[in-house]
Amino acid sequence: THDFAGLKALVTGGASGIGRATAELLAARGAQVAVLDLDPSSVDKPLLGYQADVSDATSVRQAVAAAVADLGGLDVLVNNAGIGAQGTVEDNDDAEWHRVLDVNVLGMVRTARAALPHLRESAHAAIVNTCSIAATAGLPQRALYSASKGAVLSLTLAMAADHVREGIRVNCVNPGTADTPWVGRLLDAAADPAAERAALEARQPTGRLVSAAEVAGAIAYLASPLSGATTGTALAVDGGMQGL
Ligand code: NAD
């Protein structure tokens with residue numbers, strides 16, 4: 001159960017939800033884990049917390065450099081920080097498109113750029129991106145969010161091809177609706193939160209939301225040497241909703 005012994009990992013958006021569960025799971029499996037987040041104040045030992053905004057290149061460079069220096073190297077990058085957006089193309093203006101794509105897509109690009117020189121030095125290098133079923137599901141009222149995750153899916157495949165010969169694997173997970181503080185905020189904002197939760201649960205054939213720990217388990221698999229022959233894949237964690 002110590003498949004991450006000696007490995008060093010960085011998790012973006014690791015102060016909450018899926019990122020938090022992933023950071024805790026990797027640490028429990030023996031990794032040294034750094035969390036990069038807008039607000040890392042809730043991050044406790046043994047996790048190391050670093051403040052950064054993935055939409056700011058300088059902030060990402062500095063936080064990744066500090067984390068890698070403290071960890072003494074880097075084997076695993078979990079690109080997980082992301083934000084939501086609701087509506088059709090008529091509801092979100094250009095500024096909102098730029099803001100969400102900047103975090104959800106370029107955020108992963110910036111973190112990868114900062115991490116790649118260090119990952120090249122690792123014998124077990126892996127990048128795992130948190131994508132979403134929204135990348136391919138054609139969900140209503142999610143035009144911008146879906147486009148951002150579609151880009152994450154394509155980016156994952158392209159990066160896998162670019163870096164496979166350097167010994168760096170790149171995969172992503174596609175969660176269905178996961179029970180995280182993010183979804184909690186969405187439900188709180190609904191006119192009837194209980195009915196909205198029931199509707200989200202009914203959408204997944206398992207009849208329940210995915211847990212953050214279940215997404216973390218899939219990320220941990222793709223980050224670990226156990227998946228050493230797997231690169232350029234998307235692993236669905238969606239209660240049977242869609243698969244890919
Ligand atoms: P969450 O809101 O609980 O956690 C997201 C974390 O990311 C927070 O700690 C937040 O501070 C951090 N973050 C946000 N913007 C950031 C920025 N600019 N720089 C640095 N950190 C930033 O959300 P979650 O549900 O755990 O979502 C995590 C990822 O999972 C996202 O990429 C999301 O798109 C994806 N996802 C979530 C679901 C779901 O149903 N919850 C489903 C599919 C995919």
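Student: Where does alanine 115 lie, buried or exposed?
Tutor: Alanine 115 lies in helix 3, where helices are DSSP runs of H or I with at least four residues, numbered from the N terminus. Alanine 115 is buried because 23 other C-beta atoms lie within 10 Å (20 or more count as buried, 12 or fewer as exposed and anything in between as partly exposed, with C-beta atoms placed from the backbone). Keep in mind that this is a predicted model, in which local features need pLDDT of at least 70 and side-chain atom pairs count only at pLDDT 80 or more, while totals for chains, interfaces and linings use all residues. Residue numbers start from 1 along each chain as its sequence is written.

Student: Okay, and which residues does alanine 115 touch?
Tutor: Leaving aside residues up to four places away in sequence, alanine 115 touches Leu10, Val64, Leu74 and Leu77, a contact being two C-beta atoms, placed from the backbone, within 7 Å.

Student: Now methionine 108. Where is its place?
Tutor: Methionine 108 also sits in helix 3, which spans residues 94–119. The side chain's position counts as buried because 28 other C-beta atoms lie within 10 Å.

Student: And what does methionine 108 touch?
Tutor: Methionine 108 touches Asn79, Asn129, Val152 and Leu155, again not counting residues up to four places away in sequence. Serine 55 is 53 residues from methionine 108 in sequence, with the two C-alpha atoms 9.1 Å apart.

Student: How are helix 3 and helix 5 arranged?
Tutor: Their axes come within 9 Å and cross at roughly 20°. Helix 3 is therefore roughly parallel to helix 5 (under 35 degrees is roughly parallel, over 145 roughly antiparallel, 65 to 115 roughly perpendicular and the rest oblique).

Student: Which residues meet there?
Tutor: From helix 3 the residues are Glu96, Trp97, Val100, Leu101, Asn104, Val105, Met108 and Ala112, and they meet Leu144, Tyr145, Ser148, Lys149, Ala151, Val152, Leu155 and Met159 of helix 5.

Student: Switching topic, what about helix 1 and helix 8?
Tutor: The axes of helix 1 and helix 8 (residues 212–223) come within 8 Å and cross at roughly 55°, so these two helices are oblique to each other. The contact involves Gly17, Ile18, Ala21, Thr22, Leu25 and Leu26 of helix 1, together with Ala212, Ala213, Val215, Ala216, Gly217, Ile219, Ala220 and Ala223 of helix 8.

Student: Last one: which residues come nearest the ligand?
Tutor: Gly13, Ser16, Gly17, Gly82 and Thr180 come nearest, out of 29 residues around the ligand (a C-beta atom, placed from the backbone, within 6 Å). Helix 1 (17–28), helix 3 and helix 6 (181–189) are the elements that give two or more residues to that shell.

Notes
Axes are lines fitted to C-alpha atoms, for helices over the stretch in contact, and angles run from 0 to 180 degrees between N-to-C directions.
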